[in-house]
Structures are given as structure tokens and as C-alpha cells.
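Open the model in your viewer and keep the selection tool at hand. This tour moves from stop to stop, telling you what to select and what is there.

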Amino acid sequence: MSRTGHVSHVGRRTGAARRVLRTAVAALAVSTVTATLAVAPARAADEAKPTPTELNARVYPGVQLIQVDFEAQLTVPEPVLDQKAFNRLLDRLTRQILTGTVDYTEKALLQAMVDEIEKAPLTYLKPTKALSRADGKLTGVGTGWVVTPDGYVVTAAHVVSPDAAELRAEFAATGLDEFNTRAARTSRRATRPTR
């Protein structure tokens with residue numbers, strides 16, 4: 001009888017130990033889930049606002065610099081000096097020198113000529129049938145994103161296919177320097193005052 005009582009007592013202890021163990025496991029499970037839920041929003045918030053370094057590390061090398069080169073041959077009619085208009089300009093400048101409006105130095109005379117021609121270039125320079133050519137080159141750059149594992153890249157349309165009118169205007173602006181330099185050399189030789 002004492003043995004049975006002992007077994008019964010041990011059985012009660014084992015049952016109580018199991019209940020305590022179940023309660024502890026349940027509490028541990030609840031605390032683990034709670035901790036996970038508490039950490040998940042914090043991680044989501046952190047991921048929503050990555051630092052620039054983290055962002056770069058995530059997307060590299062998925063972001064690439066795209067460079068596109070455009071080339072064109074620019075053509076303009078070569079100008080010729082309208083000698084009659086230029087002679088009238090020289091007469092006017094001579095009168096201004098005599099009245100003291102323009103200094104009688106080569107530098108002052110050349111500056112006055114350039115100023116007058118700049119006001120109305122087509123009065124003094126006439127286009128001819130001869131053409132002057134220059135090579136133009138433009139470079140467009142932009143950001144591209146790799147969107148597929150085999151390397152397809154997406155970029156802004158203006159990087160690879162700019163507006164034709166804007167492209168012509170850019171080529172004209174870059175070519176203008178070259179043409180102006182050539183025209184200035186020619187004009188300098190043609191308009192140098194004789195002594």
C-alpha cells in the first residue's frame with residue numbers, strides 16, 4: 001500500500017510537472033511570437049528608410065551610367081563680305097574718328113567694326129554657294145537600371161532618343177564655335193585696315 005501511495009504521489013508530481021512545463025512552453029511561445037512581432041515592424045520601418053550606403057549596396061550593380069554619343073556633320077554656307085556695305089561702314093567710322101567719337105587706334109577701330117557687324121551680321125556678310133563643314137559630337141548621359149537577369153537596361157527616353165529639334169539646336173550651338181573661329185580668321189584677314 002505504501003508503494004501504491006508512493007506511485008500515486010509520484011504520478012501527481014509528474015502531472016504537475018507536465019502542467020508547469022506546458023505553461024512554461026506556452027509562455028515561451030507567446031513571448032517568442034510577441035518578440036517577433038515587435039521586431040518585424042522595426043525591421044520594416046528600417047527597410048523603408050535605408051541609408052544611401054545601404055541603398056547603393058542593394059542596387060549595385062543594378063544601376064548603371066548610360067553614355068550615348070551622337071555625331072553629325074554640320075554644314076553652313078560660307079559667308080562673303082559685302083564690300084559695298086563694309087565700305088559704307090568704314091566711311092561712317094572714319095567720320096566718327098574725325099569727330100572724336102571713336103579713338104584713332106587700330107584696336108578701337110576693329111572693336112567698332114565688330115560691334116557694328118554684330119548688330120546686323122547679314123548686312124555685311126552674305127552666304128555663298130560654297131559650304132563650310134565641321135564634325136560635331138555630343139555626349140548624352142543618364143542613369144539606367146538593370147531589370148532582368150540577362151541584362152536588359154531601362155533608362156529615360158531623352159538619354160537614348162532625344163528630341164530631334166533639341167539635338168539640332170545642341171549641334172548648332174557646338175558647331176557655331178568652330179564656324180565663328182573660322183569666319184573670324186577669314187574676316188580678320190579681309191578687314192585688316194591698310195596703312
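**Stop 1: A157.** Select A157. At 55% relative accessibility, A157 counts as exposed. The cut-offs are these: buried means under 20% relative accessible area, exposed over 50%, and partly exposed in between, with a 1.4 Å probe and protein chains only. A157 is found in helix α6, residues 157-160. Helices (H or I, at least four residues) and strands (E, at least two) are DSSP runs, numbered from the N terminus. The C-alpha atoms of A157 and G142 are separated by 9.7 Å. Along the chain, A157 and G142 are 15 residues apart.

**Before you go on.** This is a predicted model: local features need pLDDT of at least 70, side-chain atom pairs count only at pLDDT 80 or more, and totals for chains, interfaces and linings use all residues. Residues are numbered from 1 along each chain as its sequence is written, and side-chain values use heavy atoms, with hydrogens and water left out.

**Stop 2: the whole chain.** Color by pLDDT, the predictor's confidence in each residue, from 0 to 100. The protein chain has a mean pLDDT of 75. In it, 67% of residues reach 70 or more. Where is confidence lowest, and where is it highest? The lowest mean, 50, belongs to helix α1 (residues 2-48). The highest, 92, belongs to helix α3 (residues 83-98). Select residues 1-12: the pLDDT is below 50 there, and beyond near neighbours in sequence this stretch has zero contacts in the model. A contact means heavy atoms within 4.5 Å.

Switch to a cartoon view. The protein chain has seven helices and three strands. From the N terminus on, the elements run α-α-β-α-α-α-β-β-α-α. Of the contacts with a separation of 6 or more, 80% are between residues 24 or more positions apart. Now show the surface. The protein chain exposes about 15,300 Å², and carbon and sulfur atoms supply 59% of it. These areas come from the Shrake-Rupley method with a 1.4 Å probe; for residues, only the protein chains shown count as cover. Buried residues make up 16% of the 195 residues.

**Stop 3: the sheet.** Select the three strands. They form an open sheet in the order β1-β2-β3, with antiparallel pairing. Two strands pair if DSSP finds at least two bridges between them. β1 (63-81) and β3 (153-155) stand at the edges, each with a single partner strand, so one side of each has no neighbour in the sheet. On average, neighbouring strands are turned by 30 degrees against each other, direction ignored.

Zoom in on β1 and β2 (residues 125-146). Their antiparallel pairing runs over 18 bridges. Pick Q73: it stands opposite D135 in β2. Pick P77 next, which stands opposite L131 in β2.

Move on to β2 and β3. Three bridges join this antiparallel pair. Select W145 and find V154 opposite it in β3. β2 and β3 form a hairpin with six residues between them. In the turn, G151 has a positive phi of about 100 degrees.

**Stop 4: S132.** Stay in strand β2 and select S132. Is S132 buried or exposed? With a relative accessible area of 10%, S132 is buried. Which residues does S132 touch, not counting those up to four places away in sequence? They are L74, T75, V76, E78, F179 and R182.

**Stop 5: the salt bridges.** How many salt bridges does a search of the whole structure find? There are two. A salt bridge is a side-chain nitrogen of Lys or Arg within 4 Å of a carboxyl oxygen of Asp or Glu.

Select E116 and R92. Their closest N and O atoms are 2.9 Å apart. This pair links distant parts of the chain: E116 lies in helix α4 (residues 106-119) and R92 in helix α3, 24 residues apart. R92 counts as partly exposed, at 29% relative accessibility.

K119 counts as exposed, at 64% relative accessibility. Show R92, E116 and K119 together to end the tour: salt bridges that share partners join them into one network.

Conventions:
Axes are lines fitted to C-alpha atoms, for helices over the stretch in contact, and angles run from 0 to 180 degrees between N-to-C directions.
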